[in-house]
Amino acid sequence: MKNIYPKTITTLLLLFIFTSSKAQSIVQGVVTNSQNIPLQGANILLKGTKYNTTTDSSGTFTIETQEKIPFSLLIQNTGYQSKEINIPELPPVVLQIILSEENQLIEVVITSRRRIEKAQNVPIPISVVSGKQAEEAGAFNVNRLKELVPSVQLYSSNPRNTTINIRGLGSTFGLTNDGIDPGVGFYVDGVYYARPAATTLDFIDVEQIEVLRGPQGTLFGKNTTAGAFNVTTRKPSFISGANFELSYGNYGFLQAKSSITGALTKKIAGRLSFSGTQRDGLIENVATGKSVNDLNNQGVRGQLLYRPSDNTDILLAADFSRQRPDGYAQVVAGVAPTKRAPYRQFEQIIADLNYTLPSQNAFDRKIDHDTPWRSGQDLGGISLNIETKIGAGVLTSTSAWRYWNWDPSNDRDFTGLPVLQLSQATSKHQQWSQEVRYAGEFSSRLSGVIGVFAIGQDLKTDPYHIEESGVAQWRFSQSTTSSLWETPGLFDGYGIRTRSTLNTFSGAVFGQLDWAITDRLHVLPGLRYNYDNKKIDYNRETYGGLQTNDPDLIALKKLVYSDQAFKTSVDDTNFSGNLTLSFKASERVNTFATYAKSFKPVGVNLGGLPTANGQPLLDLAIIKPEEVNHFEIGVKTTPFDRTIVNFTIYNTDIKNFQAQVQTAELGVNRGYLANAEKVRVRGAEIDASITANKHLSFTGALSYTEGIYVSFKNAPLPLEETGSSVSFKDISGSELPGISKWAGTLGGDLSDTGKFFGNTGKFFVALDSYFRSSFSSSASPSKYLVVDSYALLNGRIGFRASEGLSIFVWGRNLLDKDYFEQLLPAAGNAGHYAGVLGDQRTYGITLRYSL
């Protein structure tokens, strides 16, 4: 093992030093439409390489390469059919290329395998959403994106407590515990974003989003057991251009986006992009007269591209996003009777305190919370990406530093009572990462990727996390009939301050080969060696409340909050990999089968540990790594010229599944982690795109997912069984949380060519729908914490143009469906639970101008 890193680095250095003298090829051309009108901004790709360019205002392009003849060019432009041109020899004249208006599917190209290739030729189940498609559908963050890709699930009770899953796997369901790694990777321009909160921020100038399903540890730096988001932004161009967008809607919705790009010198180009979103609150706080759960997001991204030669690109990028909403407030959705004594039931507790909820219907959207909701976060960073052509491939170095600052305030009792008057987990996070990889052809039959990756993270409280009780805490925590609970001021201002640090390091060597046994049959083996190290220092101290020497009163206070401190560290290594067989039965049918062995890294508990006899259970401080065995079979087809139909079936078995456990102990303020012995997720997916003619197109996707605990013998009790004589329950055979058996999307677009204020483009009408069946919203299935099935209908009508003015009117949730996105029990498990509400009907208008 000690020789892996030196050998890998030596290999990469030799590849970097290796050069070959090749004659430079220059191809020039002009791209027009069928009316002989030049097409500006058409994308010209040299297939199988990193070389690409765009046409200028006169439709002309020049592409220089050291590739040997013959090679192929792929020409693409929005609204037109893609065209592939073989270049058997250098043309003596300028190529004349005519693109026909789109009446068949555009050949989608992706970069997930570190090269430009058609998505239909890649033996990976993958969904591709273009930046324009996301923008028109209103998917300005991942939470909206899930309505376009049904295999994606995202749950967020606030940005920190965000769960992003693919096929129901990835992160634990519930409140975030920082001691574990996500199983779904989120990459922006090759940079891994470690914090799941990043997925709640607005996309900034996105070119394309690729959603890869299944383990992805041999193509990407960070190991991911469930899938990955590969987001690419629009890069600087040496051709000047700009676009501006403004949207206005009900509830005071206002969104502005802009981007400008162009050459700064002959070898340097720049791009500056901005996004800002605001919206009034959707929930009324009747106690303050103020609406909450508004939007207040800003983001900016700047890029400088230095091209010292045709073989090398150096890209420096920096971004900053800021979020300052009054949110994310949750509304009491119901009350579950528990196994506790009658005086400990929620309805009896609030009756004794002379309190009533502002509404018995969550969809009245009324709260009376006495603690303000705040979800302030800043996230940003800087990266340097260097790509250089070496031999028959590309050597890439990606260096990055990122930060995340979190400043929240929550009312975790979800009522207007002073029960938990403070709940603030202020945090600061920094990460650095370095990836070096080589992707290319090693021979006429062998290509692949090999790389090394390292990431370090530091997370600390800022300066501490606070949980503090109010004067009503005694009644919710009361566990005996002793009158001492009513001692004035006993719990008023009584709380805990937690200081903790988490330091992690992860390093890996990874690679994947593509061996073309024949032109149709390919074998793709991949291998990964991973090392993880984690260190935590946890210290929780009580403060406040009634100062007393009475041992009986002190004992009552300790039943609510107690001091706790521990330190631990752990490191772990593992080998993982995959093997894929890909067989292209014909030009229209591509099949593949994959087996993958993967690991989610070892975890540590960073939210406090449950206690027994007043002592922390230290054996729960370290959580075993997940061991994943994954099988998949798929077929990608183009049955007709204007149709794509893809189908996949899969089975994933996980040993030592990292599950989130909620506890009635307030001191374990984010729940704690435990290992379920075994879980299984299996399912099938189908997605299709059909272009009936140049005016009408359809897209659709359907997923069936079945996730169960094969064995979880010491699971937490469901909400209604709180107060039972036992503390744990065997829930083997039960459903995993957050998984709908059925989810699907269906959309259609009807358009026709026309002119609007002198601009040539298309008038269009588009509808899309999203459906998901019911799912469990609790780690242990509870009949009260089940989110009912729901369906949403969205629509747009307007005029779109690649240049000049575009305008469209849009509406989301047009049928004004009331639905929950998540249900979660209140702190202390008194029986009441809250809901994260889906947005009601929203509508507005968008103006976009491009030049």
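Ile-845 sits in strand β54, strands being DSSP runs of E of at least two residues, numbered from the N terminus. The model is predicted: local features need pLDDT of at least 70, side-chain atom pairs count only at pLDDT 80 or more, and totals for chains, interfaces and linings use all residues. Residues are numbered from 1 along each chain as its sequence is written, and side-chain values use heavy atoms, without hydrogens and water.

Ile-845 counts as partly exposed because its relative accessibility is 33%; that class lies between buried, under 20%, and exposed, over 50%, with a 1.4 Å probe and protein chains only.

Ile-845 also belongs to a nonpolar surface patch, whose members include Leu-246, Tyr-248 and Leu-847 and which has about 770 Å² of accessible area together. Areas come from the Shrake-Rupley method with a 1.4 Å probe. Strands β17 (241-249) and β54 (842-850) each supply at least two patch residues.

I turn now to Asp-205. Is this residue buried or exposed? Asp-205 counts as buried because its relative accessibility is 12%. Asp-205 lies in the loop between β14 (191-192) and β15 (206-213). Its side chain makes polar contacts (N or O atoms within 3.5 Å, one able to donate a hydrogen and the other to accept it) with the side chains of Ser-259, at 2.8 Å, and Ser-273, at 2.6 Å.

Key
Helix = DSSP H or I, 4+ residues; strand = E, 2+ residues; numbered from the N terminus. Patch = residues over 30% accessible without salt bridge, like charges linked within 9 Å, V, L, I, M, F, W, Y side chains within 5 Å. Salt bridge = Lys/Arg side-chain N within 4 Å of Asp/Glu carboxyl O.
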